[in-house]
Amino acid sequence: MADEIQNTRLDNLKETARPCFQCGICTSSCPVFRVAPELNPRVSVDSIITKGEVPREGNEWLCAYCLMCDQRCPMGVSLAEILMEIKNIAALEGKAPPDVIDSAESLMEDGCLSPVSSRSEKKRSELGLPDLPKANPKDVQKLFKATGALEVLEINKAAQEEDKE
Amino acid sequence: MTTGDPKESSAGPAEVEVVSSEPELRIGVFPCKCGKNIGAVVDIDEVAEYAKTLPGVVHVQVNVYTCADPGQREIQEAIAEHGLNRIVVASCSPTMHEDTFRKTVKAAGLNPYLCIMANIREHVSWVHQHDHEAATQKAKDLVAMSVAKAATLEAQPELDVPVTQAALVVGAGVAGMQAALDLAEAGFKVHLIEKQPTIGGIMAILDKVFPQNDCSICILGPKMVDVAKHPNINMITMAEVESVSGYVGNFEVRVKQRARYVDIDACTSCGDCVEVCPVDVPSRTDQSLTWQKAIQIPFPQAVPSSYFIDPDNCLGMDLIRCGKCIDRCEQEAIVPSDREKFIDLDVGVIILATGFNPANPSNIPRLGWGRYPNVITSLEFERLINAAGPTEGALVRPSDLQKPKSVAIAQCVGSRNISTRSGCSNFCCAESVKCALLIKEHYPDTEVSIFYQDLRMHGKYFEDQYQKAREEGVKFIRGRVGEIQQYPKTKNLRVSVEDTTHNKLVMEEFDMVILSMGAEGTAGNFPVPISCTSDSFYIESHPKLRPVDTSSAGVFICGGAESPKDIRDSVIQASAAAGRAAIILQKGRYPIEALSAKIMQDLCSRCGTCVNRCPYGAISQDGTGKFTVMGALCQACGTCAGDCPKDAIYMPNFTTEQMEAQIEIALRENPGDKIVAFACAFCSYRGSDLAGVSRMQHPTNARVIRAMCSGRYPVRFAQKAFEMGAGAVLYSGCHLPADCHFQTGNHWMAKREPRIRGWMKRNGIEDERFRVEWVSAGEGKKWQTIMTEMAEVVKTPRKQMTKPKPKKPAASKEKKPTAKPKPKAKAKPTAKPMKKPGSTKKSATKKKTTKKK
């Protein structure tokens, strides 16, 4: 069942990637590529087109999702979406990198990734600005459950444990 | 409106009279064995015996090879001996030999349209090789269907129209000039229309042209002079075509010429006026890199060699506002009273050479053109390196007029991008390499890098250029330019490209960047309905075999208007278009489609539906509200008839009556087993033929009925077939969106599908019994698959229709007498008995239900 889902995901990915003619505009426009050349959207897509498989190196997790590649692709290929889907497939296989799992966990616990600092709270009250709403971890947990993110998180945590052993 | 003065063909010998239908129907049937091709599978003698029993048939003759000389002679002898007035040849596909047999009967004095074929080879013997009995039965059915159709065939007059011995060439770039010169040399009058004040087009402003890098204006200039001096060419500059009416051979063209304000004949191009003109405007020729005056000449070699005034920028041609040029001109060539004028021309053919526009770089902001002065287009480069350009041939960068030490050339700008133009511009690779070589020629120590995606150096001598460029040290890097940024102080440019062969980022500094621009189409504004691609280039009749013809007869295309192309290809295509046009002009008369639609005025409710169905604009309404078809424009697709709510359009050889007769005969026995398949002549029917030629075996259920275009099948045909108990119905045309031979017929057919399905639902007919399929002439395999699948469907007997409609046959019977535009008597009485077995739905449905039990 799970394999089937992964296979349809891969098939859809191939379909999305097909128009790519490997011109390299995406990569030369990518702000991440300039500092971290491991992330090369063109090469990621190339692996799907020519090898017919999802790249396993995990470089796609570096994508900042700025959508510059989407914007400039002459063939209208949605590269950011492709990278996102590669990440989804990897996550379903329990291959999300540890820092991503950590952030997901802290998001579940705190309800947000960067809590409002006491300094900025003080500043706001000085300026007479209203208090920012407090993040409610329960809401986030509900979302995690509803979207299946919780399951994915569990898969990854289990995989992590296994790796440790 | 009438079709000019069509008259009987002058080509045919005078003694051959068009034999109109005689009162008595005398059908001759000629079943052919085609050696063993048909004879080995179909029992031809049985078919022949059966044919003798068919109503109206007076003579049947079996032949081994009917298409061979003796076979044809036998048909001719039989016509004379037995007084035959309809011929049915039961042999191969009509696409194969219909023409042959039409010529045969014509030579025997019979109107060629009174001969039809029954396809018992491609549709029977070749595809049902293993079931001789069923194949013979199907062959009999097909013969009976053809005999039924033959009974109602009518003689069609072969008309032609006179051709005005003059041509209109629109656009005087290198393609238009070539076409005009070729036609003029062949002795025809040519009107050459150019929008700009000079002829020459884009080629006139280029510096050197690849692959030999010869001087562009040096080779074009003499040709421009030839055009201007040719006694047969009437050159009209600063003009555009306003309207076109008429049809092939008889176009009436109205041309609007803008005011030039300078007398071409008086102007000596001395240039005195320019010295006094106080207005500076950006130079169009020099791509706005420099200035020119409001009174100007595009370039020194312009033809006509005369100045013109740009009225938008001129201060005023009178002494109060300015008038300095008038004062200065010794020739008194300036004519302030000049106004735009209309010129009416009568021409027989039109050649469109309207060219393309260079792509607009301001649509691509990431490359910085317009914001960064040192990013220039290839056309700007041409002017910068041109001796007649703003810098007199000294290549400098625009920001500081210094010699560039490093130049990047970015390819595919404005091409191969689905948001601008997805196609390749065809010339930008060679153009880039040429630019690189020109730079190296001027400054050997300047570094040149070409950023390419796929270097397409496909033309003759192009590879030598590429090799030379590499030898000169030009760097070729595979990767399209992502973005260009400017260093504010030096105005140098930082180009970001991924070197895709090494997976690494190239972020280099260059003094100047040249954008190798693609092309944008200009088609679509011309007042003749010619289909265009989505990026505004004209579509040819056939991409391979009729590359310069268009869907409008007598209108040809060449040069950049057809697709982006280089000079050599433009010239080749222009000569081809001139040659095709000359064929029409030289013959003097043009045969018009004998099968063109006719509107039966007594039935027409004047709803006007047909007008927008016609892809050729052939149907128009006159002052009294009457719709008529202009025969010379009609291509006989029948899409109008397919949607006519009153069935008031008569399609010769494919009349509703004839096609319904075929349906009736096909379904008179065991209708539940039958698939009534409608196939269009140019695509699906040929696809079914291909299945035959490839011996792709399939079940024998189908009875194929041919029409010119899928647009011809009305909702009514499917309904009729189902009412008669048909097991399944197939409507087949060529692929959406753009493959239809008649442009849009398939679209209109597809729109009828929901109506048919709705009707089927209401009448309790299962959805899978009706199919709309797109089968091209190359898809024999697909035809086989469809036939096999549908044969499975008809295996289950049909349910009784929930709501049979008994009214229809009576209504159509009433219609029939009026359905004839020609009063000539048809063999009605003889045709009638044929319909007996299955003509009433009651009997058909009854039969079906009993079978089910």
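**Figure 1. Salt bridge between Glu46(B) and Lys140(B) in the predicted model.** The side chains of Glu46(B) and Lys140(B) meet in a salt bridge, with an N to O distance of 2.9 Å. Glu46(B) belongs to helix 2 (residues 44-52) of chain B and Lys140(B) to helix 6 (residues 132-151) of chain B, so the pair ties together parts that are 94 residues apart in sequence. Glu46(B) is partly exposed, its relative accessible area being 35%, whereas Lys140(B) counts as buried at 12% relative accessibility. The coordinates shown in this and the following views come from a predicted model.

**Figure 2. Salt bridge between Arg254(B) and Asp344(B).** The closest N and O atoms of Arg254(B) and Asp344(B) are 2.9 Å apart, and the two residues form a salt bridge. Because Arg254(B) lies in strand 13 (residues 250-257) of chain B and Asp344(B) in strand 18 of chain B, this pair ties together parts that are 90 residues apart in sequence. Arg254(B) is partly exposed, with 33% relative accessibility; Asp344(B), at 52%, counts as exposed.

**Figure 3. Further salt bridges of chain B.** Glu773(B) and Arg771(B) form a salt bridge in which the closest N and O atoms lie 2.8 Å apart. Both Glu773(B) and Arg771(B) are buried. A network of salt bridges links Asp141(B), Arg668(B), Lys674(B) and Arg703(B). In general, side chains of opposite charge can pair when their charged atoms come close. Over all chains, a search of the whole structure finds 51 salt bridges.

Figure 4. Pro211(B) is located in the loop between strand 9 (208-209) and strand 10 (214-215) of chain B.

**Figure 5. Positive phi values at Glu332(B) and Asn653(B).** Glu332(B), a residue other than glycine, has a positive phi near 50 degrees. Glu332(B) is placed in the loop between helix 10 (324-328) and strand 18 (341-347) of chain B. With a relative accessibility of 70%, Glu332(B) counts as exposed. For Asn653(B), also a residue other than glycine, phi is positive and near 70 degrees. Asn653(B) is found in the loop between strand 35 (649-650) and helix 17 (656-666) of chain B. At 3% relative accessibility, Asn653(B) counts as buried.

**Figure 6. Helix 10 of chain A, with Asn156(A) and Glu162(A).** Asn156(A) has its place in helix 10 of chain A and is buried, with a relative accessible area of 3%. A polar atom of the Asn156(A) side chain lies 2.7 Å from the backbone oxygen of Val152(A). Glu162(A) also lies in helix 10 (residues 149-164) of chain A, but Glu162(A) is exposed, with a relative accessible area of 60%. A negative surface patch is formed by Glu162(A) together with Glu161(A), Asp163(A) and Glu165(A).

Figure 7. Chain B contains 24 helices and 39 strands. The C-alpha trace of chain B spans about 95 × 65 × 50 Å along its principal axes. Of the 853 residues of chain B, 58% count as buried.

Conventions. Residues numbered from 1 in each chain as written. Chains lettered and ligands numbered in written order. Predicted model: local features only at pLDDT ≥ 70, side-chain atom pairs only at ≥ 80, totals over all residues. Heavy atoms only, no water. Patch = residues over 30% accessible without salt bridge, like charges linked within 9 Å, V, L, I, M, F, W, Y side chains within 5 Å. Areas by Shrake-Rupley, 256 points an atom, 1.4 Å probe, with all protein chains shown as cover. Salt bridge = Lys/Arg side-chain N within 4 Å of Asp/Glu carboxyl O. Lys, Arg positive; Asp, Glu negative; His and termini not counted. Charge placed at Lys NZ, Arg CZ, Asp CG, Glu CD. Helix = DSSP H or I, 4+ residues; strand = E, 2+ residues; numbered from the N terminus. Buried < 20%, exposed > 50% of the residue type's maximum accessible area, 1.4 Å probe, protein only. Polar contact = N/O pair within 3.5 Å; in protein donor to acceptor, adjacent residues only side chain to side chain.
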